[in-house]
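User: I would like to go through this model in short questions and answers. Please start with the terms, then move to the details.

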Amino acid sequence: MSVMANPGGRRFRTLSTWGISIAVALAVVGFVGAMQWNSSLARDQFTTSAQQVLAGQVTDLEDEQDTLRQELATANAQVQRLQQQSTGSSVALEELNRQLAVARLQTGLSAVRGPGITVEIADSKRVVPPGENPSSFIVLVDDLRDIVTALWASGAEAISINGERLVATSSIYGVGASVLVNTAFLSPPFRIEAIGDDGLLERFQAHPAFIGRVAQRIDFFGLEFASQVSTELRLPAFIGSTRFRWAVPSEEGP
Amino acid sequence: MTRNMAQVSLFAVGLLVGLLLIGQLRSQARPTEISTLSAQELSQLIETLSSRNGELRSALSDQRDTLREYEAAGPVGQSALQVGREDLRRIAAFGGLVPVMGQGISLEVEGDLDAIALNDLLNELRNAGAEALAVDQIRITARSVAVQGPTSLLIDGVPVGRRFTLRAIGSPEGLLSTIERPGGIIPQLEQFIDASIVASQSDDLDLPATQADLTPQVAQPDD
C-alpha cells in the first residue's frame with residue numbers, strides 16, 4: 001500500500017498514530033496519577049491530628065533554631081570585629097589576637113577555604129522489592145559516620161555536612177530516619193565537603209572505613225553516590241555553643 | 001493545523017507525565033518530611049531539638065556577655081587583654097588544645113572493640129553532652145577517629161590497647177544514663193562485641209591536651 005497512491009489514507013494513518021500515542025500517554029498519566037492518589041491516601045491515614053500537632057512543634061523549634069543560629073553568628077562576628085579593631089593597640093594585644101585567629105582556625109570556629117572533595121550521598125531510587133527492608137534503601141546515620149571517619153582518617157582538615165561544620169563536640173545522630181548533626185536536622189541528599197591536600201579522594205575511596213560498609217551499601221542497594229575533586233571549597237564556621245559547663249581549662253591558653 | 005494541535009497535546013501530556021513521575025518518586029522517598037514521621041519519632045525529635053535550642057540560647061547569652069565585656073574594656077589596656085585571654089582559654093579548651101579537668105564518667109574497656117564500635121561510643125558520648133573526651137592519654141579532637149592499624153586500633157596515629165580507659169567530662173548522671181539505658185550503646189556493644197565495659201562516675205577527671213598538630217596545611221581562613 002503506497003502512501004502516495006492514497007493521500008486520504010495517509011491522513012487517516014497519521015491521525016491514528018497520534019491518537020494511539022496520546023491514548024498511551026493518557027493511560028500512563030492515569031496509572032501514575034492513581035498510584036500517587038493511593039499513596040497520598042495511605043499517608044493521610046497515618047497522619048493523625050496528634051501527629052499534626054507534634055509536626056507543628058517540630059517546625060516551630062526548627063524556626064526558633066534558625067533565628068538563634070543567625071543571632072549567634074551575628075554575635076560571633078561582632079566579637080571578632082571588636083578583637084580585630086584592638087589589633088595594633090599594643091604588641092601584647094596583637095599577639096593575643098593572632099593566637100585567637102590560629103585557635104579558631106584549628107578548632108573549626110573560622111570559615112575556611114581550600115582544595116578538597118565533595119561527596120554526595122542520597123537515598124536509593126530503586127523500588128523496594130517485596131520482603132526487603134525499606135530502610136536498607138535510604139542513607140543511614142552509619143553511612144554518614146563511616147564517610148566522615150574515612151575522610152578524617154584520609155587527612156581531611158575540615159569537614160561539613162550540608163553546611164554543618166564538624167568540631168570536637170559534634171555528633172552525627174539518628175532520630176528515627178532523621179539525622180541530626182550538631183543542632184541541625186538534616187535531610188538527604190547529604191553533601192559532605194572536606195578540605196584536604198592532593199590525593200584526598202583516592203585515599204578516601206580506598207579507606208577501610210569507606211569500603212567496609214557504605215561502599216557495599218551503595219553497590220548493593222543503589223544508594224545515590226557521587227564524589228568530585230574541587231580546587232576551592234568554602235566551608236562555614238561552626239555555629240553553636242563553645243562554652244563548657246563541666247570542663248575547666250587546667251592551665252593557661254596555648 | 002491538526003498536526004500542530006496533536007503535537008501541542010502530546011507535549012502537554014508528556015509534561016504532565018513527567019511531573020507526576022517526579023511526584024511519585026518523591027513520595028517513595030524516606031519519611032524525613034516532618035508530616036510523615038511517626039508520633040514516637042516526632043516526640044524524640046522535639047526532645048532533641050528543644051535540648052539543642054537550649055544550648056544555642058545559652059551560647060548566645062554567653063557570647064553577648066563576651067561582647068559586652070569587650071565593649072566595656074575598649075580597644076586598649078589590660079581589660080581588653082583579659083577578655084581576649086579568657087576567650088582564648090575557652091576556644092582552646094573547646095578544641096582540645098589545652099588540658100581540662102572536671103566531673104564526668106570513666107569507662108574501663110577490655111576486649112575486642114573494633115574501630116567502628118569505638119567511634120560509635122565516642123559519637124554517643126558526644127551526643128549525650130560530653131564536653132571533652134580522652135582515650136587513655138589521647139585527647140579526642142574533631143579529627144580524632146579510631147582506625148584499625150597493623151596490630152591494634154590507632155587514634156591520631158597512637159596505638160590503643162585491648163584494655164583502655166575512656167574518660168568523658170560532662171554531666172555524670174546524664175552521660176551514664178544515656179550510655180547505660182536499655183537499647184543504649186553499652187548494651188548494644190556488649191551484645192555484639194566481645195568486650196567488657198565498666199562505667200563509673202568521677203568527680204575529678206584530668207584530660208590532657210591533644211598532641212596532634214591541628215594547624216591546617218591547605219585550609220585557609222575565609223574572611
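Analyst: Two residues are in contact if their C-beta atoms, placed from the backbone, lie within 7 Å. This is a predicted model: local features need pLDDT of at least 70, side-chain atom pairs count only at pLDDT 80 or more, and totals for chains, interfaces and linings use all residues. Residues are numbered from 1 along each chain as its sequence is written, while chains are lettered from A and ligands numbered from 1 in the order in which they are written.

User: How many residues of chain A are in contact with chain B, and which helix of chain A gives the most to that side?

Analyst: The contact involves 104 residues of chain A and 97 residues of chain B. Helices (H or I, at least four residues) and strands (E, at least two) are DSSP runs, numbered from the N terminus. With 23 residues, the element of chain A that gives the most to the side touching chain B is helix 2 (residues 49–86).

User: How do the residues on that side of chain A divide into nonpolar, polar and charged?

Analyst: Ala, Val, Leu, Ile, Met, Phe, Trp, Tyr, Cys and Pro count as nonpolar; Asp, Glu, Lys and Arg count as charged; the others, Gly among them, are polar. On the side of chain A that touches chain B, the division is 52 nonpolar, 37 polar and 15 charged.

User: In what order do the three strands of the open sheet in chain A run, and which are the edge strands?

Analyst: Two strands pair if DSSP finds at least two bridges between them. The order in chain A is 4-5-6, with antiparallel pairing. Strands 5 and 6 of chain A share three bridges, and A:Val181 has A:Ala184 as its bridge partner. Each edge strand pairs on one side only: these are strand 4 (172–175) and strand 6 of chain A.

User: Which helix of chain A packs on this sheet, and which helix of chain B lies across its strands?

Analyst: Axes are lines fitted to C-alpha atoms, for helices over the stretch in contact, and angles run from 0 to 180 degrees between N-to-C directions. Helix 4 of chain A packs on the sheet, touching strands 4 and 5 of chain A, at about 175° to strand 4. From chain B, the helix lying across strands 4, 5 and 6 of chain A, at about 145° to strand 4 of chain A, is helix 2 (residues 39–73).

User: How many residues of helix 4 of chain A are buried?

Analyst: A residue is buried if 20 or more other C-beta atoms lie within 10 Å of its own, exposed if 12 or fewer, and partly exposed in between; the C-beta atoms are placed from the backbone. Helix 4 of chain A is mostly covered. Its buried residues include A:Asp143, A:Arg145 and A:Trp152.

User: Why does A:Thr183 count as buried, and which residues does A:Thr183 touch?

Analyst: A:Thr183 sits in the loop between strand 5 (178–181) and strand 6 (184–186) of chain A. A:Thr183 counts as buried because 22 C-beta neighbours lie inside 10 Å. Leaving out residues up to four places away in sequence, A:Thr183 touches A:Gln65, A:Gly240, B:Arg52, B:Glu55 and B:Leu56.

User: Which residues of helix 5 of chain B are exposed on the face turned away from its buried side?

Analyst: In helix 5 (residues 172–180) of chain B, the buried residues are B:Pro172, B:Leu175, B:Leu176, B:Thr178 and B:Ile179. They lie on the same side of the helix because they cover an arc of only 165° around the axis, taken from the directions from the helix axis to the C-beta atoms. The face turned away carries the exposed B:Glu173 and B:Ser177.
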